[in-house]
Amino acid sequence: MARIDYDEDELDNDGNDGDGHAPTWRRRLVTWALAAIGLGLGFLIPYTLYLNHEVGQRFGQLRWQIPTRVYARPLELAPGLALDPGTLKTELDAASYREDSGERPGTYARQGGRFTVASRGFNDVDGAVPARRIEVVVSGGRVASLRDLTSRKSLKTTRLDPARIATLYGQKQEERRLVRIEEVPELLVTGLQAVEDRDFAHHMGIDLSGMARAAFKNVAAGRAKQGASTLTQQLARSGLLGIGQEQTLTRKGKEIIYALLMEARYDKRTILEAYFNQVYLGQRGSQAIHGVAAASEFWFGRDLRDLNTEQIALLIGIVRGPSYYDPRRNPERALERRNFVLGEMHETQLIDDKEYQRALKTPLGITSNPGSVAANRFPAYVDLVRRQLARDYPADALAGAGLSVMSGMSPSAQAQAEGAVARTLKSLDSKRRPPLQAGLVVTDVHNGEVVAVVGSREFTEHGFNRAVEAQRPVGSLLKPFVYLLALAQPNEFSLASWVDDSPVTVKLGRGRNWNPGNSDGRSHGLVRMIDALAMSYNQATVRIGMKVAPERVADLIKTLAGIEAPNNPSLILGAVDQSPYAMAQLYQFLASGGEIQPLHAVRGVLGSDGKAVKRYDKEPAPAQEGDAIAARLITIALQQAVSNGTGRQLIGDGLGRLSPAGKTGTSNDGRDSWFAGWTGDHLAVIWVGNDQNQTTGLYGATGAMRVWSAIFSRLPTAPLKVTDKGLDWQAVIGTHTTDASCVGARRFPFVAGFAPEYAPCPAPQAEGEASGGGWREWFGIGKDKEEPAREPAPSPDSPPPEQ
């Protein structure tokens, strides 16, 4: 028999070679095994260390995924505040308050003009504002009383938490509002664990027994029928750690390692808090809803703290499949899932029999429209916010930074402004007129806050913001500042001064002349200065403007509003292009009583900790005495412009109760219609025109002023009261002060100490002596016995005498 050659080794009966060593193939097997283990460990250890680094880095970055939110101003209530029940309801609804019992935060109860409001605590630019239950009684267009229902004491003032008006997202369109674990309702914390992971408090990140049960059922069913992911594993694959949703062994292995590492690095409280802030709970277009706080607003329009049992159960149910159990699209599935969760809560004794049966009978309770998570409901206002923040916060630093921008918007004023533009422009539309557009700015006259902005008649559209960007000829809107300069010289001018409104020629040089005329084609002779402004007479205004000098007019508007304008004579009649916002800044000086108030849409910016990092709501410097007096005189003149001049249609509209001051403006050929007017609380500057610069046929009083009237017919605001401080009211005839009882005497305000000399009542004129004409007219004698000639009330077919 041939002998088998084993090369170098021969085996004995025990399988060893003759020297008692293991055979070659066994040694090689051990070597390969050790090498494989070494290679595996060599790969696994660095990979695990890498994943550990990823866990720490991504977990820490959670706060940078929060969008920046823009809020309206908090509603500050105080006895005497101009307010009506409808406006208060608008403010509460905008801030997502629910009409209920007024017991729980975020709810209110109403009986006529009596409101019981349970406010939520919030952070404002000056610190934390606590939650409180208050009673507000609104009567006669004002807050009649205000008291704290806990202490039963009257309040001088209180603030309600503001409405959220916009969200500035980062690169990801993810809606999220971080909450601390103690801010999450206890039933939501315990209920989630009862349904999704009952052993959460004890496992190390994975549930081995659960995985075994799921594997057995899946094998028995022949398909993946049941999962066994813990809450920690769900967090790992939720997108926070970026491992995706694909169903592969590699993904599952990575998920398990992530879960083990998270459990090793963080305590259960931290993991659960991250879960509540990260869990995906819905979709609105490209906007993903993450976290229970954002989902509460999205589905129920409520603060997380205000959720009841059945709403908590629905949130927990949606976790399993936000699309499949979408309660707006699939209400039956959502109801079945919610009731299943309620059953789990009942089984684990989280709710008793009575609450279980009650909750089962209730409807889903979701809002018909998504809650206050819209990216930007007010594009024109938010555009102004972005512009004012741009100096301190570049766009890429602001979006997604988790900041809270506290703006000055008043939701009720914004609603009234939008509604007024929509209604008025619709009423002005006609086949003879090109398509109309509008831009407007409404401000608070006390502090310079911008409370409303409309940049288009389609006010939800993004794009060209006419309130800020439109540059249009302002026309007569500039005239009050010509008169302001004149009245700053009380030894030479007063509202009682006589001004010549006859044809005027201004030499421009190089043989050129300028001959401006009045828009009604008439001259009015000698008129009082107050009437020249109220009736917007061009010829009289040019004479005044040439005396004070166009250069000074240009310097004044640059000082007050930063407006750069050529200092040529045509500036006197408003030959300069400006935006409604720029003109609002200019008129803020008059409306505030002579204060230099920089307009601001942003009150302040809060960091993620709720503390102010930047404030823009500084108190304006008090008006200088001379500025305040001149501003009062112009205000009185422009109150007459409303009562007897170009704005008198406002009296016909029922707004005489507000004693408003206002000025109309119209550019050549009726291309631009302007109105600037103010009350004791608000200033609004409005432009109406056409984007293609076509003639609209509208004047200031027939276009923009109608929008103003529509706003202030509904917006609660205080009447305009002009103080007499620094003024001396005197009865005047001709060029002298006299007794108020004199026939034909008329009262005028003068700068104190500058009233004309006194003269007794003139003797009655003999019959046949006309009060005017001849030499008397040249000196103004007898001119005071009649009011200046009045033009018929303005109408679309009979324009007022202004330009």
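Two strands count as paired if DSSP finds at least two bridges between them. With that in hand, welcome to a short tour of this predicted model, in which local features need pLDDT of at least 70, side-chain atom pairs count only at pLDDT 80 or more, and totals for chains, interfaces and linings use all residues. Residues are numbered from 1 along each chain as its sequence is written, and side-chain values use heavy atoms, with hydrogens and water left out. Helices (H or I, at least four residues) and strands (E, at least two) are DSSP runs, numbered from the N terminus.

**The sheet**

- Strand E17 (residues 437-444) and E18 pair in the antiparallel sense over 4 bridges.
- One of the residues to look for is Val442, whose bridge partner in E18 is Ala452.
- These strands belong to an open sheet of 5 strands, ordered E18-E17-E29-E28-E27, with antiparallel pairing.
- Strand E18 (450-454) and E27 are the edge strands; each has a single partner strand, so one side of each is left without a neighbour in the sheet.
- Direction ignored, neighbouring strands of this sheet are turned by 5 degrees against each other on average.
- Helix H20 (residues 625-643) packs on the sheet and touches E27 and E28 (contact means heavy atoms within 4.5 Å), and its direction makes about 70 degrees with that of E27.

**Helices H9 and H10**

- The axes of helix H9 (residues 309-319) and helix H10 (residues 331-347) come within 8 Å and cross at roughly 110 degrees; axes are lines fitted to C-alpha atoms, for helices over the stretch in contact, and angles run from 0 to 180 degrees between N-to-C directions.
- H9 and H10 are therefore roughly perpendicular to each other, a label that covers angles of 65 to 115 degrees.
- On the H9 side, Thr309, Glu310, Ile312, Ala313, Leu314, Ile316 and Gly317 meet Ala334, Arg337, Arg338, Val341, Leu342 and Met345 of H10.
- By class, this contact of H9 with H10 has 8 nonpolar, 2 polar and 3 charged residues; Ala, Val, Leu, Ile, Met, Phe, Trp, Tyr, Cys and Pro count as nonpolar, Asp, Glu, Lys and Arg as charged, and the others, Gly among them, as polar.

**Buried places**

- In helix H17 (residues 538-548), 8 of the 11 residues are buried, so the helix is largely enclosed by the rest of the structure; buried means under 20% relative accessible area, exposed over 50%, and partly exposed in between (1.4 Å probe, protein chains only).
- The cover over the buried residues of H17 includes helix H15 (479-487), strand E20 (498-501), helix H16 (529-534) and helix H18 (550-561).
- Arg603 lies in strand E25 (residues 602-606) and counts as buried at 8% relative accessibility.
- Not counting residues up to four places away in sequence, Arg603 touches residues including Asp124, Glu449 and Asp617.

**Positive phi**

- Most residues other than glycine have a negative phi.
- Arg152, which is not a glycine, has a positive phi of about 65 degrees; Arg152 sits in the loop between strand E9 (142-148) and strand E10 (153-154) and is exposed, at 56% relative accessible area.
- Asp669 has a positive phi near 65 degrees, lies in the loop between strand E27 (661-666) and strand E28 (672-678), and is exposed at 54% relative accessibility.

**Confidence**

- The protein chain averages a pLDDT of 85, and 80% of the residues score at least 70; pLDDT is the predictor's confidence in each residue, from 0 to 100.
- Over residues 1-15, pLDDT stays under 50, and pLDDT also stays under 50 over residues 767-801.

Methods
Parallel < 35°, antiparallel > 145°, perpendicular 65-115°, else oblique.
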